Amino acid sequence: MPRIDNDVKLDFKDVLLRPKRSTLKSRSEVDLLRSFTFRNSKQSYTGIPIIAANMDTVGTFEMANTLSKFSLFTAIHKHYTLEQWKEFAVSNPDCLPNVAASSGMGPNDFEKLTEILELFSGVRYICLDVANGYSEHFVEFVKDVRKKFPDHTIMAGNVVTGEMVEELILAGADIIKVGIGPGSVCTTRKKTGVGYPQLSAVIECADAAHGLDGHIISDGGCTCPGDVAKAFGAGADFVMLGGMFAGHTQCGGETIEKNGKMYKLFYGMSSETAMKRHTGGVADYRASEGKTVEVEFKGEVESTVRDILGGVRSTCTYVGAAKLKELSRRTTFIRVTQQLNTVFN
C-alpha cells in the first residue's frame with residue numbers, strides 16, 4: 001500500500017535566515033575557508049567549498065583554471081579525452097588538487113577514469129555521478145572504485161535520504177551528492193514524479209552523514225547567493241552549482257547571437273541535447289530528463305564568483321558567524337510565504 005509522509009518538506013524558497021546579534025564589524029572579517037579530513041580516504045581538504053558541477057557546459061578545464069584562483073573546486077565532466085587532460089595537466093598543474101575526475105557506471109567510464117588517475121597523480125578526487133543513486137548496482141560500483149583507489153576521495157550520488165547517504169558512506173564514499181530534481185535544467189520531477197525539496201534533503205542528509213564522519217554536497221536548486229548561504233546553513237559541507245555558473249566565458253556549449261544579444265547553450269546531462277552529443281541520441285527505453293536553455297552571456301565568471309562569495313560573507317555577518325564553519329550552528333530558518341518584493345521584476 002502507498003503511504004504519505006505528512007512531515008512538511010521545504011525548499012530554499014520556503015525559508016529565510018533569522019538575523020542574530022553579531023560582533024563582526026565587516027564582512028571582510030568572515031573566513032570562508034573550510035578544512036575537512038575525509039572518513040574513508042583520510043585525505044585533507046582546505047578551500048572554499050563551492051563546486052562547479054560536472055556538466056559539460058560548466059565543469060570545464062577553463063572553469064577549473066579560474067575557480068582554483070579563488071580556492072573553489074571543479075568537478076570536471078567525463079567527456080574530455082585523455083589528450084585534453086594531458087594538455088590541461090601540463091598547462092595548469094596547480095589546478096589539479098582542486099578538481100575531481102568524473103565517471104558514470106559504464107565500463108568505458110571506469111576504464112577512462114582509471115587511466116586519468118594513473119596518469120595524473122595530482123588528481124585526488126573522484127566524482128561518481130548517476131541520476132539514481134539508489135541502485136544496488138551503484139552501491140557495488142562505489143565499493144569497486146574504493147577498492148581500486150583506496151587513497152582517493154570519492155564523491156558519489158545523487159540521493160536525498162539519510163539511509164542511502166549512510167549506505168554509500170559505508171560502501172566507501174566520502175562525500176555524498178544530495179539532490180534529485182532541483183536543478184534548473186533538470187526535468188526528473190516532471191518526467192518521473194520523483195524528488196525531494198532540497199532544503200529538507202540537505203538537513204536530513206547532513207545529519208546522517210555527519211553521524212558517520214562523512215560529508216555531503218548540496219547539488220542543485222541554488223538560484224542566487226542567498227540560496228548558497230541557505231544550503232551551508234542547512235548543514236551542507238559543499239555546495240555544487242550548475243545554472244549559477246552557466247553562461248560565462250569559461251563555459252562549454254555553443255554561443256548564439258539573437259537580436260543583437262549573445263547567449264550560451266546550457267543543458268542537463270540527461271537532456272536530449274546531451275544524449276545526442278555523447279551517445280547518439282535518446283535510447284528507446286528511456287525519456288529525456290533534462291532541458292536545453294539559452295542563457296544570456298554573462299562574461300567572465302570572476303564577477304559571479306565575487307557576487308556569490310560576497311553574499312555568503314554578508315549572510316555570516318547577519319547571523320554572527322565569523323567563519324563559514326560556524327554558519328550552520330548560527331542558523332535559524334523561518335518559514336515564509338514570500339522571498340522577495342517583485343514589484344519591479
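Residues are numbered from 1 along each chain as its sequence is written, and side-chain values use heavy atoms, with hydrogens and water left out. As the model is predicted, local features need pLDDT of at least 70 and side-chain atom pairs count only at pLDDT 80 or more, whereas totals for chains, interfaces and linings use all residues.

**Barrel and strand pairing**

Eight strands form a closed barrel in the order E4-E5-E6-E7-E8-E9-E10-E11, with parallel pairing. Neighbouring strands of this sheet are turned by 25° against each other on average, direction ignored; the axes are lines fitted to C-alpha atoms, for helices over the stretch in contact, and angles run from 0 to 180 degrees between N-to-C directions. Helices (H or I, at least four residues) and strands (E, at least two) are DSSP runs, numbered from the N terminus, and two strands pair if DSSP finds at least two bridges between them.

Ile51 stands opposite Phe73 in E5. Strands E2 and E3, by contrast, pair in the antiparallel sense over four bridges, and Thr37 has Ser44 in E3 as its bridge partner. Their hairpin has six residues between the strands, and Lys42 takes a positive phi near 65° there. Strand E3 (residues 44-47) has a covered face, Tyr45 and Gly47, and an uncovered one, Ser44 and Thr46.

In helix H2 (residues 82-91), Trp85, Phe88 and Ala89 are buried. Seen down the axis of H2, these buried residues fall within an arc of 95°, so they line one face of the helix; the arc is that of the directions from the helix axis to the C-beta atoms. Buried means under 20% relative accessible area, exposed over 50%, and partly exposed in between (1.4 Å probe, protein chains only). Glu87, Val90 and Ser91, on the other side of H2, are exposed. The cover over the buried residues of H2 includes helix H1 (61-67), strand E5 (73-76), strand E6 (99-103) and helix H3 (107-119).

Helix H8 (residues 225-233) is mostly covered, with eight of its nine residues buried. Among them are Asp227, Lys230 and Phe232. Just after H8, Gly235 takes a positive phi of about 115°.

| Residue | Contacts, leaving out residues up to four places away in sequence |
|---|---|
| Ile169 | Arg39, Asn40, Ile176, Ala209, Leu212, Gly214 |
| Thr74 | Ile51, Ala52, Gly59, Thr60, Met63, Ala64, Leu67, Asn98, Val99, Ala100 |

Ile169 is found in helix H5 (residues 162-171) and counts as buried because its relative accessibility is 0%. Thr74 is found in strand E5 and counts as buried because its relative accessibility is 0%.

**The second largest pocket**

The second largest pocket has a volume of about 300 Å³. A pocket is, on a 1 Å grid over the protein atoms alone, an open set of points where a 1.4 Å probe fits, with protein on both sides within 12 Å along at least five of seven lines; lining residues have an atom within 4 Å of a point. Grid points are joined across faces, edges and corners, and the volume is the space filled by probe spheres set on the points.

The lining of this pocket comprises 19 residues, of which Arg34, His210, Gly235, Asp237 and Ser328 lie nearest its centre. Strand E2 (34-37), helix H7 (198-211) and helix H11 (324-327) each supply at least two lining residues, and H7 gives the most, with four residues.

Technical notes:
Contact = heavy atoms within 4.5 Å.
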